[in-house]
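Dear colleague,

Please find the structure below, followed by a short account of what was found in it. I would be grateful if you would read the two side by side.

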Amino acid sequence: MPEPTVPRLEISKLTRRYGGRAVVEDLSLSVPPGQVTCLLGPSGCGKSTTLRMVAGVETPDAGEIRVDGALICANGQGLPPEQRRIGLMFQDFALFPHLSVADNVAFGLSGAKDAQGRRVAELLDRVGLGQYGAKYPHELSGGEQQRVALARALAPNPSIMLMDEPFSGLDNRLRDGIRDETIDILREQGAAVLLVTHEPEEAMRMADEIALMRAGRIVQKGAPYNIYNAPVDRDCMAFFSDVNVLTGRVHGALTETAFGQFFTPGVPDGDEVEIVIRPQHIKIDFDRNGRGPNPTMAEGTAVRGVVQRARFMGNESLVEFRMDHDGSVMRATVPNVFLPNPGNALWLMIRRDKCFLFPKRDLQSRIE
């Protein structure tokens, strides 16, 4: 039986406090070779502080950091950044303006000059800038500067690459292509990548694993598909998209709402629950239009709402409804060819198989 692979990066119970307030608390994470793990969360949740502690530019109050099984930080003591074999890429590319592209890439290299030159030429060719070695940073576009920063970070052949929103300064036309090229190169190098972003779309596109952070802790961790389709609570679900929320109280494993009864198994009678659904799973019931046969448990009840606004979003339209039964606002995304006028009354239904139940006592289950 093969031995398990040692994580390239392993973080155990990492904690950092400022003035008695925990910015990162009891955080544990491991990243194997060739994997991209994304720390995702809102500003101030501790993502960048975690990255700085791994890099060695900030000292943790507690916890351990290991690289390829070797302990590099423990009990507030650790190796200096230059001895950790960790590459860094940040939002600010931090290229030296007085150095040429080739000299920027060679800055962190040691050894014979001819060996350095071969390594620089190899990396510039790899990032598509083989003819740019003699140029200076101010002569390059933002996308080209980002590639130089990548080549410089890769030059010492780091086993780990830390990336703190390195693509946020690029325009949308360039961003997707450069992100994909960067990740391809890093995977080929076998580096473990720890990426920080506050954009769910970027995390879903780039990461093999997402660690969703809140208030200094990881609240959910897993593959993008699993994080999106099995959120642990309402806030995790809402971080990836708008949500609509129905509330009710459980009686006999059922919760009564304006949209009909929902099965809520495993929740004690009297507990209040939230039934949460994304806008793309709200269905406009054109056929029934509020009339027709009595609804079944499977199809639910159509509920009338009045269009408040409708916005064309490219691939779809986002429609906001003021619901007749309680005055709440519900949002639905519909094909972009449909753009109803404000004031129109329409009937909405909910896809039961796409709803999530979040009891307020911190248990969670999927409505079947």
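Tyr228 and Phe240 are both buried (under 20% relative accessible area with a 1.4 Å probe and protein chains only; exposed is over 50%, and partly exposed lies in between). This is a predicted model, in which local features need pLDDT of at least 70 and side-chain atom pairs count only at pLDDT 80 or more, while totals for chains, interfaces and linings use all residues. Residues are numbered from 1 along each chain as its sequence is written, and side-chain values use heavy atoms, with hydrogens and water left out.

The structure holds 4 aromatic pairs (rings of Phe, Tyr and Trp, the last by its six-membered ring, with centres within 6.5 Å; planes under 30 degrees apart are stacked, over 60 edge-to-face, the rest tilted). In one of them, the ring centres of Tyr228 and Phe240 are 6.3 Å apart and the planes stand at 80°, so the pair is edge-to-face. This pair links distant parts of the chain, with Tyr228 in helix α7 (residues 224–229) and Phe240 in helix α8 (residues 234–240), 12 residues apart. Helices (H or I, at least four residues) and strands (E, at least two) are DSSP runs numbered from the N terminus.

Phe239 and Phe240 also pair edge-to-face, because their planes lie at 80°, with ring centres 6.2 Å apart. Phe240 has 13% relative accessibility and counts as buried, whereas Phe239, at 22%, is partly exposed.

The charged end of Arg278 sits over the ring of Tyr228, 3.7 Å from its centre (NZ of Lys or CZ of Arg within 6 Å of the ring centre and within 35 degrees of the ring normal). Lys135 likewise places its charged end over the ring of Tyr132, 5.9 Å from the centre.

**Helix α1**

Of the 9 residues of helix α1 (residues 47–55), 7 are buried, so the helix is largely enclosed by the rest of the structure. Among the buried residues are Lys47, Leu51 and Val54. Gly56, with a positive phi near 95°, follows α1.

**Largest pocket**

The largest pocket is lined by 22 residues, and Ile86, Gly87, Leu88, Arg152 and Pro156 lie nearest its centre. A pocket is an open set of points on a 1 Å grid over the protein atoms alone, where a 1.4 Å probe fits, with protein on both sides within 12 Å along at least five of seven lines; lining residues have an atom within 4 Å of a point.

With kind regards
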